[in-house]
Every structure is written in structure tokens, then in C-alpha cells.
Amino acid sequence: MNPSAQQGSQLGPLNPGDVVSAALRLYKDRFKTFFQLAVLATLWLVAGIVGLGLAIAILAGIGAGVGGDVGAIIGGLLGLLVGFAPLLYGSAKYYALSSVIGRLSFQDLINQPETSLDAQRQVAPRLGQFLLLGFLLLLAYMASYLVGTLVAFIAGGSVGFLTAGILTALINQTVGSIMGVFLGFLLGLGILLIALIWVASRLFIAEVVLAIEPQQDAGGSMTRSWELTQTAIVRIQIVFLATFLIQLPLLSVTNYIPSILLELLPADGVVYGITFALSLILSLFGSMVVLPLWQAVKGVLYYDLRSRREGLDLALRHGNPES
């Protein structure tokens, strides 16, 4: 039994710093297992994307041979439809395997540690639910963005118009217009960000819920996440910010700096091609390293939220996951 599991039964409700510290400890103690899961999840996602690309390329090539440009277009569209199958399957596997890390973290904290294979066996039959959950979350984020944008536009536009009118009357039209646009934009952006942060926080642990609670389906996992995070928005954002700052140095090297270099290079030539390939490899590696940390954070946060709302008898409430 690892140190994290030994301490799990002693933990009560955690502050944001404790959540991040516990996740880091789990990440360190089980790095090999977590990283292997992250690599496997990423490979499934990449395989799905490659499958989509191959389906489009092959059917477009066949269509071009049969019917020229028109055949290529039709073949490409058919390839897009056919290629969605491996893409969806790869995405579902990515989502499910990622959530296994959160499940393992939670099981360690309640002193019921699982092996990676045991956890995967528990999650595997629910692959379709993970795919559905990903789709529902995408719809939820799109809806929140559209509604947030509409409210931001109305509120920002109203305040901007009112500010411009007042300052134009008091000072002059130039100052009124500039300040009206600035304040309207600032207010609208603030409203949109708050709306997105609020929805993302309420649904932050949905896939971990699906991986841990056997009675939940995709919709139920979203509802459960919404319920558990009801009074924890600020705490979740502090945890999110702390985790982001921890991973920032690594992502700067693997993602941000290579992206900046690509923007500075001419978009043709051998140097650009080599830089692009290295950037892609570094980006995938960085994602595989930080993915376990985020999932460990979600597992610990799920533990913390249940501790606060349901007490510390989590093992009894949760039941034996192998039953």
C-alpha cells in the first residue's frame, strides 16, 4: 500500500492547497501507472485522428480516380463519415482511460487502492457512456458560450451606449465613444468569462463521477457534478489556477515556445517542417505528462466535495467497486 492510500482514511475536507498537495503526492507516488495510462489514452486519441485522416484520403483518392474532382469531393465526404467511427472510438477510449487516473486517485484516498487493470475493467463496459458524456459536455459548453455571448453583447452594448452618451454630453464625442466602447467591451468580456468559468467549474468532475459511481450514466454524472460543486466555484478556480501555474513551466517548453517559433519561421522549407514535427512531438509529450496531474486533481477534488457534503464514510457510501 502506498503512502497516499495509508493517509487517505485520515483526510477530511480539504482547502485548495491541500487538494493540490494531495494530487501532487498521488502523482508522484503513482507516476509510472498514471503516465502509462496517459500515454495509452493519448495514443488512442491520435489513432482516432489518424483513422479519420486515412479514411478521407483513401476514399477521396478512389473518388478522384473514378470521377475526377467531383468524385474526389464525394469520396472525401464519404471518408469523413466513415472516419468518424475511429475518431469517436478513439475519443471515447481517451476519455475513459483519462478518467481511470481520477478513479485510482480517489480509491487511494479512501484506502481502497486498485490496480490499473482492475480500474480499467470497471470503466471499460461504460465506454459508450463516456462518449455520450463528452458529447453532452460539448453541447453544454457551446450553449454556455452562446448564451454568455448574447448576454455579454446586450449588457456590454447597453452600458457602452449609455456611457458614450453621458460622456459625450459632459466632455466630447471622441472621449465618449472611446470610453463607451472600452467599458462595454470590458463588461461584455467579463460576463462571458464568468459564465464560462461557472459552467466549467460545475461540470469539472463529471467524467470522474462516471468512472467512480457505478449507478451513474452520462447525464447522471453531469447532474452529480453539478450538485457536488454547487458551493465550491471559488475553491475549484483556486485549485485550477494553482494546477495551471504548476504545469506552466513544462507547457512553456513543450507547447508555447515551439508555437511561437513556428509563427516566426516562414511557412515553407525544411526548417519549418522539422520544427513543426518537433513541436508536435513535444506537445504530445507535454500533454501526456500533465494529463495525470489534472486527473489526480479531479479525483482529489471529488473526494473533497463528497467529504464536505456526505461526511467521511465514503468507503461505505461508495460500496465495494468490485461488487
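**Exercise 1. State what covers the buried residues of H8, and identify those residues.**

Solution. Step 1: the cover over the buried residues of H8 includes H5, helix H6 (173-202), H7 and H10; contact means heavy atoms within 4.5 Å. Helices (H or I, at least four residues) and strands (E, at least two) are DSSP runs, numbered from the N terminus.

Step 1: the buried residues in H8 are Ala-218, Gly-220, Ser-221, Met-222, Arg-224, Ser-225 and Leu-228. Buried means under 20% relative accessible area, exposed means over 50%, and partly exposed lies in between (1.4 Å probe, protein chains only).

Step 2: the N-terminal end of H8 is capped by Asp-217, which has a side-chain oxygen 3.4 Å from the backbone nitrogen of Gly-219. A polar contact is a pair of N or O atoms within 3.5 Å; within protein, one must be able to donate a hydrogen and the other to accept it, and residues adjacent in sequence count only if both atoms are side-chain atoms.

The model is predicted, so local features need pLDDT of at least 70 and side-chain atom pairs count only at pLDDT 80 or more, while totals for chains, interfaces and linings use all residues. Residues are numbered from 1 along each chain as its sequence is written, and side-chain values use heavy atoms, with hydrogens and water left out.

**Exercise 2. Describe the surroundings of Gln-129.**

Solution. Step 1: Gln-129 lies in helix H5, which spans residues 127-170. Step 2: Gln-129 counts as partly exposed because its relative accessibility is 28%. Step 3: neighbours within four places in sequence aside, Gln-129 is in contact with Leu-210, Asp-217 and Ala-218. Step 4: the Gln-129 side chain reaches the backbone nitrogen of Ala-218 at 2.7 Å. Step 5: from C-alpha to C-alpha, Gln-129 and Ser-221 are 9.7 Å apart in space, although 92 residues apart in sequence.

**Exercise 3. Determine which residues are linked with Arg-224 in a network of salt bridges.**

Solution. Step 1: a salt bridge is a side-chain nitrogen of Lys or Arg within 4 Å of a carboxyl oxygen of Asp or Glu. The structure holds 7 salt bridges. Step 2: one of them joins Arg-224 to Glu-227, with the closest N and O atoms 3.4 Å apart. Step 3: Arg-224 and Glu-227 are separated by about one helical turn because they are 3 residues apart in helix H8. An α-helix has 3.6 residues a turn, so residues three or four places apart point the same way. Step 4: Arg-224 is buried at 10% relative accessibility, whereas Glu-227, at 35%, is partly exposed. Step 5: the network of salt bridges links Glu-213, Arg-224 and Glu-227.

**Exercise 4. Which distant parts of the chain does the salt bridge between Glu-207 and Lys-298 link?**

Solution. Step 1: the side chains of Glu-207 and Lys-298 meet at 2.5 Å, N to O. Step 2: Glu-207 belongs to helix H7 and Lys-298 to helix H10, 91 residues apart. Step 3: Glu-207 is buried, at a relative accessible area of 3%, and Lys-298 is buried at 12%.

**Exercise 5. Summarise the protein chain as a whole.**

Solution. Step 1: the protein chain has 11 helices and 0 strands. Step 2: its C-alpha atoms fill a box of roughly 70 × 65 × 40 Å, taken along the principal axes. Step 3: of the 323 residues in the protein chain, 41% are buried. Step 4: among contacts with a separation of 6 or more, 77% are between residues 24 or more positions apart.
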